[in-house]
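Open the model in your viewer and keep the selection panel at hand. The tour moves from one selection to the next.

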Amino acid sequence: RNYGVCPDVALSGDFLFSIQAGGGFRIFDVADPIDPQLLGVVTTGGSPSRLETAGNLLCVIVSSSVWLYDISDPAAPAFLVELESVERAHDVAFKDNFLLVAGSYQDQLAVFDLTYPSAPNLVATAAEGGGPWMVTIAGDYAYVGDDKFGAEFRIFDIADLPAITEVATLPMPESVGDCAVLDGVAYVAGG
């Protein structure tokens, strides 16, 4: 089946969340990956660009704002809250009860405590300098890249969240689009 353009997907157990063109996201039961079942569609009213799941939470970036949903019933996600403190969000990552948001508003990496998901609390920020575009977490580190020409790739120690400490800054010849980390080596995509 072809459901059109899909810029991002996220898995939670046997459920797949997929951005749909025109606004919103779809929910599929993928217990049988050969025959995925469409369970429903959630309309967001904006243009979603990114999805991320952790436990019973789904984070959706909609028109550069961050929205949280309760997915304890994956077939019927319940909207919880839009994060008020973030504008121009580009990427998100979960670690334990925290959500890290890379956003170009005020060029910062923001850390939210999600102990109470319907009332997230902004607990820390780290100035990023160039418009954070992506964030990837591997172990006790957050890897953050920006989208500016002459970009920088930064590494933050997040072992003791909400404390966040920059441990390295690496110049990049191009903007940083994404990265993956394996055995302590960061593989960076840019351009």
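Start with D91. D91 is buried, at a relative accessible area of 6%. Buried means under 20% relative accessible area, exposed means over 50%, and partly exposed lies in between (1.4 Å probe, protein chains only).

Before going on, note that this is a predicted model: local features need pLDDT of at least 70, side-chain atom pairs count only at pLDDT 80 or more, and totals for chains, interfaces and linings use all residues. Residues are numbered from 1 along each chain as its sequence is written, and side-chain values use heavy atoms, with hydrogens and water left out.

D91 forms a salt bridge with R50, with the closest N and O atoms 2.5 Å apart. The pair links distant parts of the chain: D91 is in strand 9 (residues 89-95) and R50 in strand 5, 41 residues apart. A salt bridge here is a side-chain nitrogen of Lys or Arg within 4 Å of a carboxyl oxygen of Asp or Glu. Strands (E, at least two residues) and helices (H or I, at least four) are DSSP runs, numbered from the N terminus.

**Select D140 and K95.** Their side chains meet in a salt bridge (3.5 Å, N to O). D140 sits in the loop between strand 13 (132-138) and strand 14 (141-146) and K95 in strand 9, so parts 45 residues apart in sequence are tied together. Which of these two is buried, and which partly exposed? D140 counts as partly exposed, at 36% relative accessibility. K95 counts as buried, at 15%.

**Now show D8, R50, E52 and D91 together.** Salt bridges that share partners join these four into one network. A search of the whole structure finds six salt bridges.

**Switch to the cartoon view.** Four strands form an open sheet in the order 1-2-3-4, with antiparallel pairing. Two strands pair if DSSP finds at least two bridges between them. Strand 1 (9-12) and strand 4 (37-42) stand at the edges with a single partner strand each, so one side of each has no neighbour in the sheet.

**Finish on strands 3 and 4.** Strand 3 (residues 25-29) pairs with strand 4 in the antiparallel sense over five bridges. Select F28: opposite stands L38 in strand 4.
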